[in-house]
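I'm keeping short notes while I click through this one. Each entry says what I looked up and what came out.

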Amino acid sequence: MAAAMASTAERAVLEEEFKWLLQEEVHAVLRQLQDILKEASHRFALPTSGSGAAVRQENFVLNTSGTDQVKGVLTLQGDALCQADVSLKMPRNNQLLHFAFREDKQWKLQQIQDARNHVNQAIYLLMNRDVNYQFKTGSEVLKLMDAVMLQLSRARNRLTTPATLTLPEIASSGLTKMFTPVLPPDVLVNFYINLNKLCLTVYQLHVLQPSTTKNFKPAGGSILHNPGAMFEFGSQRYEVSHVHKVEGVVPWLNDALVFFTVSLQLCQQLKDKISVFSSYWNYRPY
């Protein structure tokens with residue numbers, strides 16, 4: 001009898017604790033998540049002071065240790081590269097080539113745009129309920145946390161995992177038409193985000209003559225193609241002879257990645273607390 005009474009009392013205490021968790025702590029965590037993710041969203045927008053102000057422009061000098069073959073100065077405005085100046089020293093004759101974006105051109109960085117969209121979707125999920133709404137079950141909270149974490153994981157992955165492209169895809173992209181003077185046919189460029197860095201890759205090519213004894217094997221998709229990679233474009237076959245990668249840190253992207261990590265940790269901690277009670281009531285996530 002005493003044991004049964006103790007078990008009943010213990011259950012009553014747990015039920016009160018879980019009720020407090022659903023009614024108080026869940027909402028506190030949701031408010032905290034909203035604040036963090038709004039800060040993350042603001043980093044992507046980069047507004048200047050004043051309501052409705054234009055997104056400010058930031059200049060980044062791209063470089064890397066060990067090479068001065070390529071130098072780049074890029075101007076980033078939100079999710080768009082609005083200016084780019086690229087200098088390339090040709091290895092064969094040390095000729096210096098210079099290319100810049102045409103004044104009427106901008107290049108959208110889809111990774112940044114997608115990441116921001118996922119953040120805003122996570123914020124929408126957190127706010128999409130009446131201010132006085134009360135959660136009734138643990139499974140309801142778990143479902144919400146899973147949905148938010150999915151959007152945050154997608155946002156983070158868009159910044160940490162650049163797209164894999166084939167060399168013909170790079171050659172046929174609109175980026176080749178952005179520059180003045182026009183890029184020579186033996187030069188390809190690609191811009192992308194990797195973690196908190198803005199990256200520029202320049203590929204120098206040489207034409208594979210029909211009489212070549214090399215066994216032609218076209219390269220597949222990759223974030224970065226190595227020298228020796230072959231591809232066919234138009235009616236011509238090429239081989240990558242040199243690859244140059246330069247990069248620069250974008251501080252606000254680093255901020256955003258930190259916000260994603262903290263938010264995912266908060267979501268997981270709340271899920272873990274819910275699961276503790278769910279394991280006690282083994283038949284259902286109360």
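Predicted model: local features only at pLDDT ≥ 70, side-chain atom pairs only at ≥ 80, totals over all residues.

Entry 1: Is Gln-111 buried or exposed? Its relative accessible area is 7%, and the cut-off for buried is under 20%, so Gln-111 counts as buried. Gln-111 belongs to helix α2, which covers residues 110-127. I then listed what Gln-111 touches, skipping residues up to four places away in sequence: Arg-158, Leu-159, Thr-161, Pro-162, Tyr-192 and Ile-193.

**Entry 2: helix α3.** Leu-159 from that list took me to α3, where Leu-159 is one of the buried residues. The others I noted there include Gly-138, Val-141, Leu-142, Met-145, Val-148 and Gln-151. I also checked the length of α3, residues 138-160. With 23 residues at 1.5 Å a residue, α3 should span 33 Å, and its end C-alpha atoms are 32 Å apart, so the two agree.

**Entry 3: the whole chain.** I zoomed out for a moment. The protein chain has five helices and ten strands. Of its 286 residues, 41% are buried. For contacts with a separation of 6 or more, I found that 68% join residues 24 or more positions apart.

**Entry 4: the cores.** Which residues touch the most other members of the largest nonpolar core? They are Phe-44, Met-145, Phe-179, Phe-191, Leu-200 and Phe-260, in a core of 67 residues. There is also a second, separate core of ten residues, with Ala-171, Ala-229, Phe-231 and Tyr-238 among them.

**Entry 5: rings.** I counted six aromatic pairs. I looked at Phe-101 with Phe-191: the ring centres are 6.1 Å apart and the planes are at 85°, so this pair is edge-to-face. Phe-101 is in strand β4 (residues 96-101) and Phe-191 in strand β7 (residues 187-194), so the pair ties together parts 90 residues apart in sequence. Elsewhere, ring pairs link Phe-44, Trp-252 and Phe-260 into a cluster. I also found a charge over a ring: the charged end of Arg-237 sits over Phe-216, 4.0 Å from the ring centre.

**Entry 6: around strand β3.** Which strands pair with β3? I found β2, β5 and β4.

- β2 (residues 70-77) and β3 (residues 80-89) are antiparallel, with eight bridges. Thr-75 faces Gln-83 across this pairing. The two strands form a hairpin with two residues between them, and Gly-78 in the turn has a positive phi of about 65°.
- β4 and β3 are antiparallel too, with five bridges. Here Leu-88 is opposite Leu-97. This is another hairpin, with six residues between the strands, and Asn-94 in the turn has a positive phi of about 60°.
- β5 (residues 107-108) is joined to β3 by two bridges, again antiparallel. Leu-81 is opposite Trp-107 in this pairing.

A reminder to myself for looking at strands: in a regular strand, side chains alternate between the two faces of the sheet.

Technical notes. Residues numbered from 1 in each chain as written. Heavy atoms only, no water. Core = buried A, V, L, I, M, F, W, Y, C linked by side-chain atoms within 4.5 Å. Buried < 20%, exposed > 50% of the residue type's maximum accessible area, 1.4 Å probe, protein only. Phe/Tyr/Trp six-rings, centres within 6.5 Å; stacked < 30°, edge-to-face > 60°. Helix = DSSP H or I, 4+ residues; strand = E, 2+ residues; numbered from the N terminus. Lys NZ or Arg CZ within 6 Å of the ring centre and 35° of its normal. Pairing = 2+ DSSP bridges. Expected span 1.5 Å × (residues − 1). Contact = heavy atoms within 4.5 Å.
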